[in-house]
Amino acid sequence: MTSLDTLAWHPASWQTRKALQQPHYNDPVALADAVSQLSRLPPLVVSWEVEALRERLAAAQRGEQFLLQAGDCAESFAECESDRIAKQLKVILQLSLVLLHGLKRPVIRVGRMAGQYAKPRSADTETRDGLTLPCYRGDTVNRPEFTPEAREPDPQLLLRGYERAALTLNFVRALIDGGFADLHHPEYWDLGFLNHSPLQEAYGRIVRDIGDALDFFHALSGGPVHEAQRVDFYSSHEGLHLQYEQAQTRFIPRAQRWYNLSTHLPWIGMRTAQLDGAHVEYFRGIANPIGVKVGAAMDDNWLQQLVTTLNPNNQPGRLTLIHRFGARDIEKHLPRLIQAVRSTGHSVLWVCDPMHGNTETTVGGIKTRRLENIQSELEQAFQIHAAQGSRLGGVHLEMTGEDVTECTGGARGLSDTDLARAYRTQVDPRLNYEQALELGMMIAERSKKVRAP
Ligand code: PEP
Ligand code: CO
């Protein structure tokens with residue numbers, strides 16, 4: 001038993017631990033007031049949805065389903081707009097159909113949405129022309145502009161973040177219930193990029209097949225797919241800002257457990273996964289399914305202890321490990337960590353985040369990622385899991401439904417010089433609509449080949 005296990009847990013017990021990546025608020029009374037208001041507002045999700053997701057993640061762990069977790073690196077308050085949200089949802093749903101078609105397994109759709117407002121940063125402060133200010137930590141903490149007023153952490157922004165998350169989720173739920181009709185007609189998909197792709201033939205076939213399958217289903221059931229079977233959609237965000245997470249943690253008498261009801265699937269980021277840290281302490285006590293980002297710096301013992309501390313009863317679907325090593329390093333670290341987890345006797349859901357280990361800076365100083373490295377890490381992840389007798393059960397992506405130019409490569413051959421054209425992210429570079437679908441089709445194509453005799 002670690003010392004953590006022996007301590008009583010409650011939603012604020014993390015406060016006795018070292019909490020990294022938290023903003024410094026100059027007015028503790030204003031903070032306490034905002035947190036107290038937040039803790040009285042209604043929850044954004046409910047415990048039975050959270051439990052339904054855990055059961056689906058357990059099925060993914062058994063190889064029966066596949067997790068697609070995707071969305072922005074950071075949502076912004078200004079972009080809480082109907083058009084952007086609808087486009088984001090559309091690309092996630094379309095991508096899920098492509099994956100479903102290729103993998104022949106139900107796809108669990110989880111957005112990095114409705115609460116992805118707090119970001120970990122590499123330094124607490126930023127200095128420009130001799131002026132040092134707090135770093136920008138996401139819209140729920142402060143503002144990106146480089147002025148003392150904008151960078152001052154403001155507790156009221158926690159409430160604005162909660163409200164934006166509620167508005168987003170409300171709209172997403174309505175769109176899902178209304179059934180996004182254009183999904184059933186691939187001719188409405190923006191597939192211009194197919195003409196540029198060397199895999200044009202194969203991709204064209206995937207899209208035609210999906211269209212045929214949906215038409216067939218429509219004819220058979222007498223109605224669109226969404227009416228026959230509800231499309232489920234879940235939310236997730238990095239559980240970074242512990243005051244915010246604590247305020248949304250509620251005791252459910254029926255279950256006799258505490259749930260974080262700000263989101264279905266919160267995860268621990270790589271910078272805050274210390275065994276004796278506040279984030280691990282908070283996460284070990286909530287009943288939600290949870291994720292942990294796993295990087296090259298994590299040694300075997302650390303990961304083993306995380307697995308046993310965060311899921312002591314080895315509950316199926318409870319723990320998703322999201323590995324992110326980079327195309328160059330995955331071969332060095334993934335096999336040892338698969339073996340380390342196996343030797344604990346515990347089961348986890350393994351998911352690949354091929355984004356965060358592949359970030360680089362161009363000579364012009366722009367943060368980008370190359371689609372070929374993203375594809376390479378993902379392909380290696382499938383192969384390494386198979387070779388180890390393990391299973392890759394999902395993928396974690398940063399992408400957007402908009403036509404941005406933040407990552408290079410893909411069928412249109414975006415290069416470093418294209419990045420300036422539509423570079424909008426405040427934080428990490430995202431795949432655009434075409435690049436995301438192209439990645440999905442790559443997964444679909446490879447699964448077909450793997451299944452072929
Ligand atoms: C992220 O998912 O945006 C992130 C910061 O990831 P990581 O914790 O893996 O660096
Ligand atoms: Co990111």
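How many bridges join strand E6 to strand E7, and do they run parallel or antiparallel? Strand E6 (residues 249-252) and strand E7 (residues 257-260) are joined by 4 bridges and run antiparallel.

## About the model

This is a predicted model, in which local features need pLDDT of at least 70 and side-chain atom pairs count only at pLDDT 80 or more, while totals for chains, interfaces and linings use all residues. Residues are numbered from 1 along each chain as its sequence is written, chains are lettered from A and ligands numbered from 1 in the order in which they are written, and side-chain values use heavy atoms, without hydrogens and water.

Two strands count as paired if DSSP finds at least two bridges between them; strands (E, at least two residues) and helices (H or I, at least four) are DSSP runs numbered from the N terminus. Arginine 250 has tyrosine 259 in E7 as its bridge partner. The hairpin has 4 residues between its strands, and glutamine 256 takes a positive phi near 55° there.

## The cobalt site

Ligand 2 is a cobalt ion, coordinated at 2.1 to 2.4 Å by Cys73 (SG), His356 (NE2), Glu398 (OE) and Asp428 (OD). Donors here are N, O and S atoms within 2.8 Å of the metal (3.2 Å for Na, K and Ca); water is not among the atoms, so sites may look incomplete. Along the sequence, the donor residues follow the spacing C-x282-H-x41-E-x29-D. Histidine 356, in the loop between strand E11 (349-352) and strand E12 (360-361), and aspartate 428, in the loop between strand E14 (394-398) and helix H14 (433-451), are 72 residues apart and link distant parts of the chain.

Histidine 356 has 17% relative accessibility, and aspartate 428 has 8%.

## Around ligand 1

Polar contacts with a ligand are pairs of N or O atoms within 3.5 Å. Oxygen atoms of ligand 1 lie 2.8 Å from a side-chain N or O atom of lysine 119, 3.0 Å from a polar side-chain atom of histidine 356 and 3.1 Å from a side-chain N or O atom of glutamate 398. The protein covers 97% of the 290 Å² of accessible area that ligand 1 has on its own.

Conventions: Buried < 20%, exposed > 50% of the residue type's maximum accessible area, 1.4 Å probe, protein only. Polar contact = N/O pair within 3.5 Å; in protein donor to acceptor, adjacent residues only side chain to side chain. Areas by Shrake-Rupley, 256 points an atom, 1.4 Å probe, with all protein chains shown as cover.
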